[in-house]
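Subject: Structure for your review

Dear colleague,

Please find below the sequence and structure that I am handing over to you. My findings follow, and I would ask you to read them alongside the structure.

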Amino acid sequence: MSKKIILSGTRPTGNIHLGNYFGALENWVRLQDEYDCHFFIADWHALTTGYADTEKLKENTLSLMADFLAVGLDPDKSTLFLQSSVLEHAELFLLLGMNTPLSWLERCPTYKDLMANMGEKDIATYGFLGYPALQAADILIYKADFVPVGEDQLPHLEITREVARRFNYIYGKEVFPEPMPLLTKAKVLPGTDGRKMSKSYNNTIALADTPDEVKKKVMSMITDPARIRKDDPGHPDVCTVYAFHKVFNEEMVPEIESSCKGGSIGCVACKRLLQEKIAEFHTPIFEKRNTLLENEDHLKQIIVAGSDKARIKAEKTMQEVRSAVRIGV
Ligand code: TRP
Ligand code: SF4
């Protein structure tokens, strides 16, 4: 039996942080052995909101591929590629645009939210409205069975399913299977200030941070604010450091909990324990991504080879699509 097909993508909007890693990438790495996986850099999607500031786009693209590889995505197991290097996505996006009702796009919650909250950036564009249709093209062109995504992406998956159904119905051919979301319980990691880890809150620990920067960030994390002296009893459940211990230092969690509550461990010592654990995880990844980024040509070759592999599959689907639509001669 052939393996089920998986596809997911990330926009190259800056450095991958530990929140992204535990929220998605860790899971992608695991999926590689069981599924026929496709993971890509969604650079066209980055343009839907960032069309006017593209100075860093190439740099971010290479850096994201280095992140992919450094955490263990493997071009020998998975198809790792760049969206803009597989032009077939754009062709399918165009054809899907012909039969995607405006209302489906206009009522998409991610569209409504961003339109309301984007501030000065002008995103009242055709491209931004079409974001979910482009995402549908990304997914359908590989006939993906499953799409590992966070909950925020579920509306896009629903639109993708509707788009697939409508296309198959209009042209009377089951060209596209309806993809299912793959929601896995991800580990939750707050930002260094206790809020959600997010670039816009400036509370991230990025894979690209130096070991020294990571150390500083850990040592300045917010702890239990009610704890003033070292032997005050602490409340681990409100403490960011404790939340990190749950991810990075599982074996010691019960011990830390009781010594925190009993006032027998100080926050500085507690952070130091955590800092060592995070370093064990982070430093090798940091070094690997640096080595990769030192050789840009090699990194580009990986992107080109992965995109060539993706294009062969995309082109095969497009032949079926063109024939179903009866476009061309
Ligand atoms: N919209 C996704 C995000 O912001 C990125 C993305 C683009 C994607 N195309 C995709 C994810 C296809 C899954 C499948 O995270
Ligand atoms: Fe948090 Fe550790 Fe301090 Fe307890 S001892 S409040 S868990 S940093």
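Contact here means heavy atoms within 4.5 Å. The model is a predicted one, and every value below is computed from it.

I begin with histidine 156, which is found in helix H9 (residues 154–171). Leaving out residues up to four places away in sequence, histidine 156 touches Cys108, Thr110, Tyr131, Pro132 and Gln135. Its side chain also makes a polar contact with the side chain of glutamine 153, at 2.8 Å. Why is histidine 156 classed as buried? Its relative accessible area is 3%, and buried means under 20%, so histidine 156 qualifies.

I turn next to the nonpolar cores. The largest has 49 residues, of which Leu18, Phe68, Phe244 and Phe248 touch the most other members. Helix H3 (residues 57–71) supplies the largest share of this core, eight residues. At least three residues come from each of domain 1 (5–188 + 296–325) and domain 2 (209–290). Apart from this core lies another, of 40 residues, including Leu7, Tyr131, Ile139 and Leu140.

Phenylalanine 68 touches Thr10, Leu25, Trp28, Phe39, Phe40, Ile41 and Leu73, residues up to four places away in sequence not being counted.

Finally, proline 236 is found in the loop between helix H10 (211–219) and helix H11 (240–248). Proline 236 is buried, with a relative accessible area of 3%. Beyond its neighbours within four places in sequence, proline 236 is in contact with Tyr242, Glu257, Cys260 and Lys261.

Yours sincerely,
A colleague

Conventions
Residues are numbered from 1 along each chain as its sequence is written. Chains are lettered from A and ligands numbered from 1 in the order in which they are written. This is a predicted model: local features need pLDDT of at least 70, side-chain atom pairs count only at pLDDT 80 or more; totals for chains, interfaces and linings use all residues. Side-chain values use heavy atoms; hydrogens and water are left out. Helices (H or I, at least four residues) and strands (E, at least two) are DSSP runs, numbered from the N terminus. Buried means under 20% relative accessible area, exposed over 50%, partly exposed in between (1.4 Å probe, protein chains only). A polar contact is a pair of N or O atoms within 3.5 Å; within protein, one must be able to donate a hydrogen and the other to accept it, and residues adjacent in sequence count only if both atoms are side-chain atoms. A nonpolar core is a set of buried Ala, Val, Leu, Ile, Met, Phe, Trp, Tyr and Cys residues joined through side-chain atoms within 4.5 Å. Domain bounds come from an automatic or database domain assignment.
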